Amino acid sequence: MRIVIRNGHVIDPANNTSEIRDIYITKGHIVSTGNAPDGFKANREIDATGKTVCPGLIDLCARFREPGLEHKATIVSESAAAASAGITTVVCPPDTDPIIDTPAVAKLIQERAGQAGQTRILPLGALTRNLEGEQLSEMAALRDAGCIGMGNIHAIKDTKIMRHAMEYASSHGLTVFIRPMDYWLYDNGCVHEGTVSTRLGLPGIPEAAETTAVARDLALVEQIGVRIHFSQLSSARAVQMIARAKHDGLPVSADVSAHQLFLTEMDLLDFDPVHHVQPPLRNQSDRDGLRKGVAKGTIRAICSDHQPHEPDAKLAPFCATEPGISALETLLPLTLRLVEEKVFTLSEAIACLTIEPARILGVDSGTLSPGATADVCILDSEKIWQLQKHNMLSRGTNTPFNHWEFKGKVTHTLLAGRVVFELEP
Amino acid sequence: MSNLQVDENGRLRHFLSIEGLNRQILTDILDTAESFSGITDQHIKKVPLLRGRIIVNLFFESSTRTRTTFELAAKRLSADVLNININASATTKGETLLDTLRNLEAMHCDMFIVRHAESGSAHFIAQHAQPHIRVINAGDGRHSHPTQAMLDMLTIRRHKKDFSKLKVAIVGDILHSRVARSQIQALSILGTSEIRVVAPRTLLPAKVQSLGVHAYTDLKEGIRDADVIIMLRLQQERMQGALLPSSHEYFQLYGLTEEKLSCANKDVIIMHPGPINRGIEMDSQVADGPRSVVLQQVSNGIDVRMAVMSMAMGSINTAETTDPNAPNASKETR
């Protein structure tokens with residue numbers, strides 16, 4: 001299969017490209033951007049005149065709920081949603097059922113993704129067995145089964161075990177993914193501890209639950225030298241701590257989920273569980289600090305932290321509901337909105353969704369360089385549209401962005417040189 | 001939130017929290033409660049306002065005082081009352097709560113009086129109940145206990161008349177207290193001149209000043225010149241989470257005694273939502289002393305709950321309270 005994408009505005013931050021070019025694809029790879037290779041005969045031509053062409057998006061955290069939680073979503077349903085949103089690679093955190101702490105589960109997920117054929121899934125192995133924070137998982141075996149790194153989702157209480165997990169991971173060249181949360185300070189909290197928790201009487205999670213964990217783990221990294229990635233930051237102070245650590249040369253990176261760049265604790269005031277997320281929505285200055293972190297490059301990637309739910313999961317009083325947002329389909333739209341709001345340039349926005357997460361993962365996608373895997377996203381960047389829950393492709397429609405108006409819509413998604421999504425005109 | 005509680009004509013529909021209601025509605029509740037206080041003195045303590053209505057006391061947490069006074073209030077309004085106590089641990093799942101609700105709806109109930117351990121549960125039930133059903137919050141998590149706050153306001157008004165000159169101190173476990181939150185909101189809507197909270201920092205919620213209160217960690221400073229002191233109940237389990245060292249030290253620092261009371265205004269009234277831990281929140285001399293209005297609070301609870309129930313059912317609109325045929329509307333302190 002040979003495809004040419006003609007006349008699009010190609011944005012490829014890895015190569016500092018931002019200009020009108022043609023892209024030539026053969027056998028799943030990009031062969032040229034600019035001039036046609038000798039003897040190139042396209043089977044298919046995609047006219048991208050007036051559109052933006054960028055690498056397929058890489059989402060550092062999305063739950064497709066398989067195996068084990070198929071009542072919420074399946075790899076088939078969520079792959080389709082991801083493709084429609086321009087996402088070609090997702091990292092799946094280990095809290096499936098069973099947990100990704102054996103090679104069999106890691107392989108099963110990749111196999112199912114291959115069968116669904118619309119998105120690549122890179123599993124994240126459990127750092128400790130059963131995510132219990134007590135015994136190390138078989139990290140080398142998990143790596144060989146395709147796990148891209150090791151993560152623990154839940155807090156690891158015991159600092160000594162965290163230290164050993166980091167040492168062992170670094171012995172095998174693995175990056176450790178951490179959602180920074182202090183077990184004790186998290187306690188039974190479910191919203192940010194601040195004016196809103198005080199007003200509504202909801203149990204709070206203090207900012208220090210995040211910063212204490214970041215401080216502890218940075219101290220360990222300083223001693224051990226393992227590469228770590230902080231996932232889904234929620235506080236401005238944690239961003240500052242990570243900026244300092246990066247300045248000191250520690251091998252540290254971080255991401256933020258897109259909703260944290262828009263919503264705050266004030267959105268909770270009507271007790272609507274659609275805003276129940278973990279880590280919690282914090283205050284305005286945290287939101288601003290996270291935005292600044294993205295703009296300055298302290299936070300290198302924006303992820304969806306996609307968590308589709310069945311309706312019943314959100315049908316209870318606030319804290320009794322399951323946390324999370326169905327977010328694949330708002331990842332790119334929200335990130336583009338940050339461009340509109342002058343947080344950063346379009347090219348920087350695309351970088352946060354492509355080459356930067358690729359570098360964090362150590363994969364060679366996220367770019368349109370000749371020789372790269374042909375994961376491509378084409379979008380009509382002027383198209384204005386409104387998100388409607390009932391039009392979402394994800395099985396979960398738990399979004400707080402229902403009825404939001406967005407500018408920019410994906411028209412084509414290519415995964416390894418195959419068109420896996422095409423917007424009906 | 002306010003939309004949920006008030007109908008398009010500004011009348012009370014559900015009573016879920018003090019927040020979102022205006023001064024007029026709170027004053028109407030107090031006035032209506034005053035109008036009912038005459039009924040208690042009658043030989044036959046009943047009015048037919050809610051005759052034929054079914055009211056369900058739906059308690060997912062245990063309660064004696066609140067449930068009993070709601071029941072008494074409903075019976076004085078001639079309603080049929082159903083008491084349902086559900087062990088909260090059996091219904092931690094939301095579906096079960098909704099299922100419970102649907103089942104009761106199918107029995108043609110008119111009003112739910114709800115107590116539940118989750119903050120926001122009364123809002124949740126009001127959102128999902130059929131439109132003809134009224135919901136009254138009898139305490140949800142740490143969020144709100146609006147009828148308790150209103151019976152406290154009635155007690156204060158009977159003794160002090162005008163809120164705008166009052167210094168009110170609330171002492172104790174503010175962090176976990178739905179009562180304190182509702183009291184603070186009601187006091188501030190009614191124009192109280194100064195609201196203080198007094199507790200060690202472990203029992204004060206984050207950014208407590210954002211509620212419009214002054215925070216004190218010293219009891220004597222906190223109650224200096226106070227006109228009203230509200231003592232909150234201290235749950236024994238607070239010692240376990242390292243929030244307090246011991247009930248002994250708590251009483252030494254925050255327990256109300258005659259000696260400490262000398263800092264307050266000499267007309268001060270002492271309130272407590274009950275049940276009192278004698279020797280922890282206050283000593284018996286204060287609890288049973290002349291300044292204590294604790295038992296009046298309990299009786300006032302019946303009047304306030306009658307008022308809220310009848311207003312929410314639409315059996316009384318506020319115009320009726322000035323009707324000459326209505327129950328005695330201008331009765332003063334008893």
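The model is predicted: local features need pLDDT of at least 70 and side-chain atom pairs count only at pLDDT 80 or more, while totals for chains, interfaces and linings use all residues. Residues are numbered from 1 along each chain as its sequence is written, chains are lettered from A and ligands numbered from 1 in the order in which they are written, and side-chain values use heavy atoms, without hydrogens and water.

Chain B contains 12 helices and 9 strands (DSSP runs of H or I, at least four residues, and of E, at least two, numbered from the N terminus). The C-alpha trace of chain B spans about 55 × 50 × 35 Å along its principal axes. Of the 334 residues in chain B, 58% are buried (under 20% relative accessible area; exposed is over 50% and partly exposed lies in between, with a 1.4 Å probe and protein chains only).

In chain A, Q260(A) lies in the loop between β15 (252–257) and α9 (284–296). Q260(A) counts as buried because its relative accessibility is 2%. The C-alpha atoms of Q260(A) and L233(A) are separated by 8.3 Å, with the two residues 27 apart along the chain. Beyond neighbours within four places in sequence, the contacts of Q260(A) include L233(A), S234(A), P279(A) and R287(A), contact meaning heavy atoms within 4.5 Å.
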